[in-house]
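Biologist: I would like to learn how to read a model like this one. Please take me through it feature by feature.

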Amino acid sequence: MTTSQDVVVSEMGIGAGGAAMPGSGATGIFACRSAASAAGAMSMRQTYLDLAAAAARSASCTWVEAMRASSPTRSHAGAATDVDDLSTWMRKHPSALGKFEQIAAASKGKKIVMFLDYDGTLSPIVPNPDAAYMSDAMRAAVRDVAKHFPTAIVSGRCRDKVYNFVGLSELYYAGSHGMDIKGPSSNPESVLCQPASEFLPVIDEVYKVLVEKTKSTPGANVENNKFCLSVHFRCVDEKRWNFLAEQVKAVIKDYPMLKLTQGRKVFELRPSIMWDKGKALEFLLESLGFADSSDVLPVYIGDDRTDEDAFKVLRKMGQGVGILVTKCPKETSASYSLQDPGEVMEFLLRLVEWNRDRVSSSMIRPRV
């Protein structure tokens, strides 16, 4: 647990802030779950200051190392050691295309529910986050998937923004890392979940402070995702990453009700509540009538560190398929992998074709 002055790097990313604050109840047919002292001789004081300075230098290094680790810039196709690393990793997380029949077999007698991240999964990662458009072919593939299986987009983006990118009204949308959930617009009793509504004023305030604070860092882009904030450093010179990290830290230390995490070349500032993409997955399954059900096979495809919360939920459930989109070996709780959005689309199309064949064969009755 951290104080408002502490910043730690863990497997979940970079966290800052105080104790978790409870989220407010949501409206809609389904309700959300709420989720030192300095004294002594001058020599002792100097020792304390030296240690503090060393700790600060170490923290800065750790930040930059974490930023590099979460934002790999090369694929493993070069040196022999890299190929060996990739081969070992692929044995643990094989291609979902290569193991498609295995995945299909796991769905026997179960209802598939699809969960899809957006950036890096349905659309490529691009320098300008506002230009992360999905292709018409990908949109058609997602539309076909939604005809066969309940389908949700789970993104760190603002729900309205990701809806505008995707443009399919028949889907469930979970924006702001699952803190803003809405069901298909055609359903008047659609699910609605906003467990962090009470944080909206502080989110807006911090957004304005961050925009002003990061003006001196060329390439930094602050995005307001309604219930969370994103500070993108895709276009920031790596030599200035640490400076940008210090700028963000300087802001968030005054707002202990927010926590700081990290994704692919992005810092995320979120309300300090027990809610993430994993909680959103659980909420949607419950809303669809599959709470604690053994008759469902959730399939979650994502590329970022924030998607690990959903992968971990699937492992805890002991059922479901987690698929990480990456070209580089990463520590993950996903069971399978795909290399890029192109392979994601191929997987989705294959899933639709497989289900069509399954439905057609089940309708064929032997003649008596």
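Biologist: How many bridges join strand β12 to strand β13, and do they run parallel or antiparallel?

Modeller: First, the ground rules. This is a predicted model, in which local features need pLDDT of at least 70 and side-chain atom pairs count only at pLDDT 80 or more, while totals for chains, interfaces and linings use all residues. Residues are numbered from 1 along each chain as its sequence is written, and side-chain values use heavy atoms, with hydrogens and water left out. Helices (H or I, at least four residues) and strands (E, at least two) are DSSP runs, numbered from the N terminus. Two strands pair if DSSP finds at least two bridges between them. Here, four bridges join β12 (residues 296–302) to β13 (residues 321–325), and the two strands run parallel. Val299 has Val321 of β13 as its bridge partner, and Gly302 stands opposite Leu324.

Biologist: Which strand is joined to β12 by six bridges?

Modeller: That is β3 (residues 111–116), which runs parallel to β12.

Biologist: What is the order of strands in the open sheet?

Modeller: The eight strands follow the order β7-β6-β5-β4-β3-β12-β13-β14, and the pairing is mixed. β7 (192–193) and β14 (336–338) are at the edges with a single partner strand each, so one side of each has no neighbour in the sheet.

Biologist: Is β12 mostly covered or mostly open?

Modeller: Burial is judged by relative accessible area: buried is under 20%, exposed is over 50%, and partly exposed is in between (1.4 Å probe, protein chains only). In β12, seven of its seven residues are buried. Val296, Pro298, Tyr300 and Gly302 make up one covered face, and Leu297, Val299 and Ile301 the other.

Biologist: Is Glu198 buried, partly exposed or exposed?

Modeller: Glu198, in the loop between β7 and α6, is partly exposed, with a relative accessible area of 41%. Its C-alpha atom is 9.5 Å from that of Pro271, which is 73 residues away along the chain. Thr214, in the loop between α6 and β8 (221–224), counts as buried at 4% relative accessibility.

Biologist: How is the packing of α6 and α7 described?

Modeller: Two packed helices are described by the angle between their axes and the distance between the axes. Axes are lines fitted to C-alpha atoms, for helices over the stretch in contact, and angles run from 0 to 180 degrees between N-to-C directions. The axes of α6 (residues 200–213) and α7 come within 10 Å and cross at roughly 145°. Contact means heavy atoms within 4.5 Å. Val206, Val209, Leu210 and Lys213 of α6 meet Gln247, Val248, Ala250 and Val251 of α7.

Biologist: Which residues touch the most other members of the largest nonpolar core?

Modeller: A nonpolar core is a set of buried Ala, Val, Leu, Ile, Met, Phe, Trp, Tyr and Cys residues joined through side-chain atoms within 4.5 Å. The largest has 51 residues, and Phe115, Ile181, Val206, Leu210 and Leu269 touch the most other members. Helix α7 (residues 241–252) gives the most to this core, with six residues. Apart from it lies another core, of 38 residues, including Tyr173 and Val321.

Biologist: Which residues is Leu269 in contact with, leaving aside its neighbours within four places in sequence?

Modeller: Among them are Val206 and Leu210, as well as Val248 and Ile252.
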